Amino acid sequence: MIPPRVLDVAPSLPETPAYLYDLPALDEHAAAVRRAMGATEVYYAVKANPDAELLRVLAGHVDGFEVSSGGEHAHVTGLFPGTPVALGGPGKTDAELRLPHHRIHVESPNELRRLLATGLEADVLLRLNPDLPVEGAALTMSGPFGMDEAGVAECLPLFGERVRLRGLHTHLASGLAAGQLLTLAETLLGTEHEEVNLGGGMAVSYDRPESRFDWAAYGAGLAALRRGRRLRIEPGRALTAYCGYYVTRVVDVKRVRGEAYAIVLGGTHHLRTPVTKGHDQPLTILPTGAGPGVTGEPLTVVGQLCTPKDVFSRNIVTSARVGDTVVFEMAGAYAWNISHHDFLMHPKPSFHYLRA
């Protein structure tokens with residue numbers, strides 16, 4: 001459910017399309033996650049949304065940030081000098097291997113050898129990609145990510161005083177409930193490593209925005225499994241998805257072969273999530289228009305792009321008129337930053353922030 005403060009502000013935004021971020025909601029959510037996780041460290045996966053205002057809110061609740069490129073590293077360390085940073089991602093360049101970090105997640109024996117060749121000190125987590133069944137995942141991180149057990153075994157003799165093995169990093173899948181993640185964690189924590197990073201993957205439901213990941217159950221379960229070792233998680237989408245909104249306006253309503261369409265300013269070049277996830281983006285239409293429209297019938301909401309894939313939501317029963325304001329929910333992660341901004345060279349959205 002969209003908070004009243006968002007619905008009050010959305011129609012008055014001076015420029016649309018626009019992103020509207022509810023910072024008090026993010027602060028409250030991040031604080032609740034921090035409390036639920038107890039002694040388990042929380043690093044925010046910056047790839048989900050690197051917006052500086054969001055990061056400033058999160059910085060008060062997380063133990064550090066996980067970055068996956070030199071660009072993300074520069075962005076985070078520029079905002080928060082001295083903050084703990086974990087560097088991950090496959091295909092690291094030599095320049096990235098030389099970046100200062102709290103932890104580096106090594107993805108292959110060759111990457112470890114290249115790290116050793118720098119002559120720099122480093123604290124390493126080996127990214128393990130075990131052959132474990134992951135039922136019900138929205139996305140499995142198989143293939144080129146991390147190493148199998150043979151790759152880890154090849155790395156072990158290479159460590160010394162300057163490049164130190166601290167433990168394992170794993171991120172097996174996305175879209176998992178707390179119980180599913182705890183089942184995986186129990187298996188992965190059977191190792192003897194003193195430090196284990198369990199990654200992210202917490203479920204976010206676009207079909208049922210009111211349904212949230214059970215952080216309390218996950219935190220309690222990890223506490224029971226910890227047994228004195230250092231545990232870390234790296235949530236991204238599940239922290240920021242709920243605080244973001246994409247706000248636009250209906251520019252045309254029409255029927256084609258009997259099917260009703262509402263065309264909005266902007267499109268999935270601004271909010272790529274519904275196309276990549278294959279879902280209907282939850283939305284609310286505010287009656288701010290006075291033009292032609294449809295009432296109480298199936299409606300497909302699309303953007304301005306010259307492609308049939310530019311679809312936000314299909315066949316939702318609603319009403320829309322030209323000039324109405326459309327507020328798309330759950331646009332706080334993998335939205336603007338993952339979208340193909342320059343396709344057709346439409347104007348970029350404006351950005352606005354609700355503050356306490």
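1. In strand S5, the bridge partner of Ala 86 is Arg 103, and this pair belongs to the parallel pairing of S4 (residues 85-87) with S5 (residues 103-106), which extends over 2 bridges. Strands here (E, at least two residues) and helices (H or I, at least four) are DSSP runs numbered from the N terminus, and two strands count as paired if DSSP finds at least two bridges between them.

2. The model is a predicted one, in which local features need pLDDT of at least 70 and side-chain atom pairs count only at pLDDT 80 or more, whereas totals for chains, interfaces and linings use all residues. Residues are numbered from 1 along each chain as its sequence is written, and side-chain values use heavy atoms, with hydrogens and water left out.

3. S4 and S5 are part of a closed barrel of 8 strands, running S2-S3-S4-S5-S6-S8-S10-S11 with parallel pairing. Neighbouring strands of this sheet are turned by 30° against each other on average, direction ignored, with axes taken as lines fitted to C-alpha atoms (for helices over the stretch in contact) and angles running from 0 to 180 degrees between N-to-C directions. Helix H4 (residues 70-79) packs on the sheet, touching S3 (64-67) and S4, and its direction makes about 160° with that of S3.

4. Strand S12 (residues 244-256) has three antiparallel partners to consider: S1 (residues 18-22) through 4 bridges, S17 (residues 325-328) through 4 bridges, and S13 (residues 259-264) through 6 bridges. Tyr 21 stands opposite Gly 244, Val 247 is bridged to Val 327, and Arg 255 to Ala 260. S12 and S13 form a hairpin with 2 residues between them, where Arg 257 in the turn has a positive phi of about 50°.

5. Asp 51, in the loop between S2 (41-45) and helix H3 (52-58), deserves a comment. Leaving aside neighbours within four places in sequence, Asp 51 is in contact (heavy atoms within 4.5 Å) with Tyr 21, Phe 351 and Tyr 353.
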